[in-house]
Structures are given as structure tokens and as C-alpha cells.
Amino acid sequence: MKKTIAFILVLLMLFALCACGEKETSGPIRKLSFYKTNEIEVRVGETTKDSYSNYVTVSTKSGKDFSPDDVLLISDNPDVAQISLSKTSLSKLYYVITGVGGGETVVYASSADGSVVSEKIKVTVPKPIEAENIDISLEKTELAVGESISPKLTILPENTDDKTVSWISSDETVATVNEKGDIVARGGGTATLTASSSNGVSSSVDVTVDGSKYLMRLVVTHPRDDDNNIGEEWSYDVKINGEQTTSTIVLSPKEKLNCSAKFTEADKNPDVGEASTSYTVKEEDLLNGFTISMDLYVKENGGQNSGKSAHFIVTYTFSPIGE
């Protein structure tokens with residue numbers, strides 16, 4: 001009789017231990033466990049890589065299946081960091097963690113009914129290093145209408161995390177500025193260009209536009225208009241006011257342009273031709289564009305074609321920037 005009672009007591013104790021070892025739950029989840037429990041550090045705005053080692057192992061009760069909806073991924077402070085599901089497999093839930101704001105929090109997994117909870121992982125999000133000063137440097141602050149300039153921007157401290165800035169012009173009829181800081185002169189006057197960081201630090205620079213000066217695009221062509229067999233290779237020296245021509249030029253109304261050209265044949269005894277003309281710029285020229293043309297002749301100085309000339313039509317074409 002005593003042996004029977006003792007045996008019954010042992011069975012009752014074993015049953016009690018089993019009951020304590022596995023809490024009865026209403027859902028299919030028996031246990032949740034992170035594969036890695038190392039502390040995690042992630043910066044504001046960044047997300048951990050979608051790694052195959054970042055997952056929660058899901059154990060279910062015998063004979064039961066689970067869906068991702070049966071498990072919650074939780075951050076104690078979502079204003080610091082958030083944890084979210086990236087993909088699933090038969091018994092694993094893969095996750096990523098995104099930094100939201102500076103501070104510390106813990107993340108963990110829980111069954112939907114809250115009866116099963118995993119271990120917790122500490123997540124640290126370093127406080128962002130914010131801009132303290134913005135320095136704007138321009139090669140020049142006086143522009144002609146149509147000119148553009150790109151500022152050099154220095155944000156301090158150098159290790160500032162977010163170096164994005166927004167730009168604004170105080171008067172877009174004078175100067176406009178795009179998101180990169182490129183400034184374009186639009187009309188006479190003075191405008192203040194301001195760069196502002198995401199945390200509110202700002203700096204400004206003034207740009208003055210001379211409304212009487214216009215940046216023009218310049219194209220020089222010199223097609224040949226003759227059938228004489230004179231010269232095969234040439235060098236071309238084309239100038240305005242004694243300076244070599246470039247792709248752009250700043251002009252003003254009533255400005256006098258002295259155009260000159262010198263073409264030289266590539267030869268032991270080279271033939272050379274020169275021509276020049278002048279033109280006074282009119283106000284409507286700056287708005288509509290204009291051309292200057294001149295004839296340039298190069299006379300053959302020897303051989304069977306002696307006395308014959310090569311004829312070039314040299315044309316300077318000026319057009320407003322933006323056309």
C-alpha cells in the first residue's frame with residue numbers, strides 16, 4: 001500500500017514538473033529564440049543588412065503549424081529603433097533593424113497572444129552628429145545675366161552625419177538656385193542665396209547681377225567657298241578684341257567688337273590670309289542673338305595655282321544663353 005501511494009506521488013510530481021516546463025498557450029507557438037543575441041548598433045536612417053544569420057527560430061506545439069501573423073517582432077522604443085520581418089522559412093523569421101533616433105532600446109519576439117516571449121537584444125543607435133556651421137565660398141559674386149556659378153560648400157564638423165542642404169533665393173527674378181546649389185543670374189539686382197541644413201543651421205551669400213551685361217554663347221564657323229586646289233591643312237587664329245574666342249562671351253549694349261581672323265596654310269612656304277571687321281552691339285542683339293560675317297581670302301604664293309585664292313566665310317554667331 002505504501003509503495004502504491006509513493007508511486008502515485010512520484011507521478012503527480014512528474015506531471016507538475018512537465019506542466020511548469022511548458023506553459024499552456026492558446027496559439028501554436030511553443031518557443032521563440034533569436035539565433036544571435038549580440039548587441040546591435042545601427043545608425044539613424046540605416047537598416048541592418050538582410051543577413052541569413054539574423055533570424056528568430058520558431059518552435060511550435062506538436063502537430064501545429066504557424067504563420068508569420070502568429071509572431072510579433074517588437075521594439076520597446078520604436079522612436080529609437082524598429083524591427084521588422086524581411087522574409088520567412090519553415091521555422092525561421094528573418095528580420096532587419098532600422099535606426100530611427102539616438103538612444104538605446106531592446107527588441108524581441110512574442111507570440112501573438114503574448115504568452116511566449118523570446119530573449120531580448122539590446123540595440124544602440126548613436127546620436128547623429130549634426131551640422132554646426134555652413135561656409136559658402138564663391139569664385140565671384142558679381143555676374144552678368146545668363147552666367148552661372150557653383151558654390152563651394154563646407155559643412156562643419158567634417159564628420160557631420162547628414163550633409164544635405166536645401167537652397168533658396170530671396171529674388172528669383174535676379175538669381176535662381178537649384179537643389180545642388182548651382183546659381184544662375186536671371187536679371188539685374190541683388191539676391192541672397194541661403195543654404196540650410198536639416199537641423200536648421202543656415203548660411204547666406206549675396207550675388208549681384210549687372211543687368212546691362214549678358215552672357216552670350218559664341219560659335220565661330222569658317223566654311224570654304226571656292227573650287228581652287230589650294231592648301232590641304234590649315235591653322236585658324238580667330239579673335240575678338242585681340243583675345244582668342246571661347247564658347248561664351250559677356251557683352252553689353254553699345255559695346256564695339258573688333259573681330260579678326262588669320263588662316264595659315266601648313267606648308268614650307270605657307271600662304272596666309274587675314275581679315276577683320278568691327279560691329280557695335282545693339283540692345284536687341286542681346287535678347288535675340290546676332291551674327292557677324294566677313295570674307296577671308298588666302299592667295300597662293302607659288303606653283304601652278306599661283307595667284308588663285310582660297311575663299312573662307314568667317315561667321316561669328318552669338319545667341320542668348322538658355323536658347
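Student: What should I know before reading the values?

Tutor: This is a predicted model, where local features need pLDDT of at least 70, side-chain atom pairs count only at pLDDT 80 or more, and totals for chains, interfaces and linings use all residues. Residues are numbered from 1 along each chain as its sequence is written, and side-chain values use heavy atoms, with hydrogens and water left out.

Student: Why is Thr48 called buried?

Tutor: Buried means under 20% relative accessible area, exposed means over 50%, and partly exposed lies in between (1.4 Å probe, protein chains only). Thr48 has 18% relative accessibility, so Thr48 counts as buried.

Student: Where does Thr48 lie?

Tutor: Thr48 is in the loop between β2 (40–41) and β3 (55–60). Strands are DSSP runs of E with at least two residues, and helices are runs of H or I with at least four; both are numbered from the N terminus.

Student: What does Thr48 touch?

Tutor: Leaving out residues up to four places away in sequence, Thr48 touches Ile40, Val42, Val96 and Ile97. Contact means heavy atoms within 4.5 Å.

Student: How far is the backbone nitrogen of Ile97 from a polar atom of the Thr48 side chain?

Tutor: The two atoms lie 2.9 Å apart. A polar contact is a pair of N or O atoms within 3.5 Å; within protein, one must be able to donate a hydrogen and the other to accept it, and residues adjacent in sequence count only if both atoms are side-chain atoms.

Student: What makes Thr194 buried?

Tutor: Thr194 has 16% relative accessibility, so Thr194 counts as buried. Thr194 is found in strand β16. Not counting residues up to four places away in sequence, Thr194 touches Ser166, Trp167, Ile168, Ser202, Ser203 and Ser204.

Student: Which side chain makes a polar contact with the side chain of Thr194?

Tutor: That of Ser204, at 2.7 Å.

Student: How far apart are Thr194 and Val145?

Tutor: In sequence, Thr194 and Val145 are 49 residues apart. In space they are 20 Å apart, C-alpha to C-alpha.

Student: Why is Ser110 called buried?

Tutor: Ser110 has 5% relative accessibility, so Ser110 counts as buried. Ser110 sits in strand β7 (residues 103–111). Among the residues that Ser110 touches are Leu32, Asp70, Val71 and Val117, with residues up to four places away in sequence not counted.

Student: What makes β16 and β17 a pair?

Tutor: Two strands pair if DSSP finds at least two bridges between them. β16 and strand β17 (residues 202–221) have eight bridges and pair in the antiparallel sense. Gly189 stands opposite Val209 in β17. The two strands form a hairpin with four residues between them. Gly200 in the turn has a positive phi of about 95 degrees.

Student: How many bridges link β13 and β16?

Tutor: Five, between strand β13 (residues 165–169) and strand β16 (residues 189–197), in the antiparallel sense. Val165 stands opposite Ser197 in β16.

Student: Which strands does β3 pair with through bridges?

Tutor: Strand β1 (residues 29–34) joins β3 by five bridges, running antiparallel. Ile29 stands opposite Thr60 in β3. Strand β6 (residues 92–99) joins β3 by three bridges, also antiparallel. There, Tyr55 stands opposite Tyr94 in β6.

Student: Why are β11 and β14 at the edges of their sheet?

Tutor: Three strands form an open antiparallel sheet in the order β11-β15-β14. β11 (148–149) and β14 (175–177) each have a single partner strand, so one side of each is left without a neighbour in the sheet. Three bridges join β14 to strand β15 (residues 183–185), antiparallel. Ala175 stands opposite Ala185 in β15.

Student: What is the strand order in the sheet of four strands?

Tutor: The order is β19-β18-β21-β22, in an open sheet with antiparallel pairing. The edge strands are β19 (243–244) and β22 (272–280), each pairing on one side only. Seven bridges join strand β18 (residues 234–240) to strand β21 (residues 256–265). Asp237 stands opposite Lys262 in β21.

Student: Which residues are closest to the centre of the largest pocket?

Tutor: The largest pocket holds about 190 Å³ of space. Of its 13 lining residues, Val44, Pro128, Ile129, Asp161 and Asp162 are the closest to its centre. On a 1 Å grid over the protein atoms alone, a pocket is an open set of points where a 1.4 Å probe fits, with protein on both sides within 12 Å along at least five of seven lines; lining residues have an atom within 4 Å of a point.

Conventions. Points joined across faces, edges and corners; volume = space filled by probe spheres on them.
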